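Keep the 3D view open as you read.

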Amino acid sequence: MSQPLKPSTAAILTLPPLLWAGNAIVGRMVHDLISPFALNFLRWAIAFMLLLPLAGWVLRRDSAVWPQWRQFALLGLLGIGCYNALLYLALKTSTPLNATLVGSSMPVWMLAVGRICWGIAVSRRQLLGAALSVLGVAVVLSRGDPQVLRQLQLVPGDLFMVLATILWAFYTWLLSRTSVSGQLRADWSGFLLAQMVFGLMWSGLFTGLEAASGRFHLQAGWPLLGALLFIAVGPAILAYRFWGLGVQRSSPAVAGFFGNLMPLFTALLSIPLLGQTPQLYHGLAFALIVGGIMVSSRRA
């Protein structure tokens, strides 16, 4: 049986969804100013420079990172190179509220990845909660109209967000399963910077492919610079720090359910920032997703 979830751990796991909701809003606001892969690369490049004074030791030749470079290369690919790039790509055709609601399928993928890859048992209560979450996501994808599901009319952004969520589930499980040296485990900034080293390589590669395909664009200015600073400090450095800490204190499965707070925060932020009003089907979807959280996490 899981240990009771402490209020401090719940608070830690609540902050990342709030910051990532802001990330989705800002990503949508600047999608005409910069291409998605370039936005992801510049975001992490700024975060890297900000974190370098705290954790520059990981770049030394005798650092504990290099003997474990394969683990960090995989973490960098999933958490830095792919997830947010796919999120920004999704926001080209999907709204922040829809994207984060689709991302609320995270508990389903957390349970599936844990079971398939690491043999983690899944309880009936968790399955029921996951079913409610899937139903909530189906309401979002159908825009509240069951006929849409029959016709399989999905915007590309919804599908990109599903893929991003699956990759994030793998990333979160790997966070809890990656074995690192004592120095790296004790220094959160070093552990995150080690992921950034390889994540920037992947992100730079994707940005190069974006440019080669003719889809790269960038309109420099203060609005873009302000957006980059926000998503580098908040949704990147702070959110990743607290997400990793929350996963350590609870479990990937429990943390996954907190990701479902993103739609609520996104809906609240979208009203003043984007002038969007949540629709009735958004409320229904959110009620189903919250029901899934409550059912699945009662024992936690």
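To compare helices, we use axes, which are lines fitted to C-alpha atoms, for helices over the stretch in contact, with angles running from 0 to 180 degrees between N-to-C directions. Helices themselves are DSSP runs (H or I, at least four residues), numbered from the N terminus. This is a predicted model, in which local features need pLDDT of at least 70 and side-chain atom pairs count only at pLDDT 80 or more, while totals for chains, interfaces and linings use all residues. Residues are numbered from 1 along each chain as its sequence is written, and side-chain values use heavy atoms, with hydrogens and water left out.

Start with helix H10 (residues 188–212) and helix H11 (residues 222–249), whose axes come within 11 Å and cross at roughly 120°. That makes H10 oblique to H11; angles under 35 degrees count as roughly parallel, over 145 as roughly antiparallel, 65 to 115 as roughly perpendicular and the rest as oblique. Where they meet, Trp188, Leu192 and Met196 of H10 are in contact with Ile237, Tyr240 and Arg241 of H11 (contact means heavy atoms within 4.5 Å).

H10 also packs against H2, at an angle of about 155° and with the axes 9 Å apart. These two are therefore roughly antiparallel. Helix H2 (residues 36–55) carries Asn40, which is buried at 0% relative accessibility. Buried means under 20% relative accessible area, exposed over 50%, and partly exposed in between (1.4 Å probe, protein chains only). Among the residues that Asn40 touches are Ile80, Asn84, Tyr88 and Ser203, not counting residues up to four places away in sequence.

Now for the nonpolar core, a set of buried Ala, Val, Leu, Ile, Met, Phe, Trp, Tyr and Cys residues joined through side-chain atoms within 4.5 Å. The largest one has 71 residues, and Trp44, Phe72, Trp168, Leu184, Met196, Tyr240 and Trp243 touch the most other members. Helix H3 (residues 69–90) supplies the largest share of this core, 12 residues. Leaving aside neighbours within four places in sequence, Trp168 is in contact with Trp20, Gly79, Tyr83, Met106, Met110, Tyr240 and Trp243.

Finally, how many salt bridges are there? The count comes to one, where a salt bridge is a side-chain nitrogen of Lys or Arg within 4 Å of a carboxyl oxygen of Asp or Glu. Arg60 pairs with Asp62, their closest N and O atoms being 3.4 Å apart. Arg60 is partly exposed at 45% relative accessibility, whereas Asp62 is exposed at 63%.
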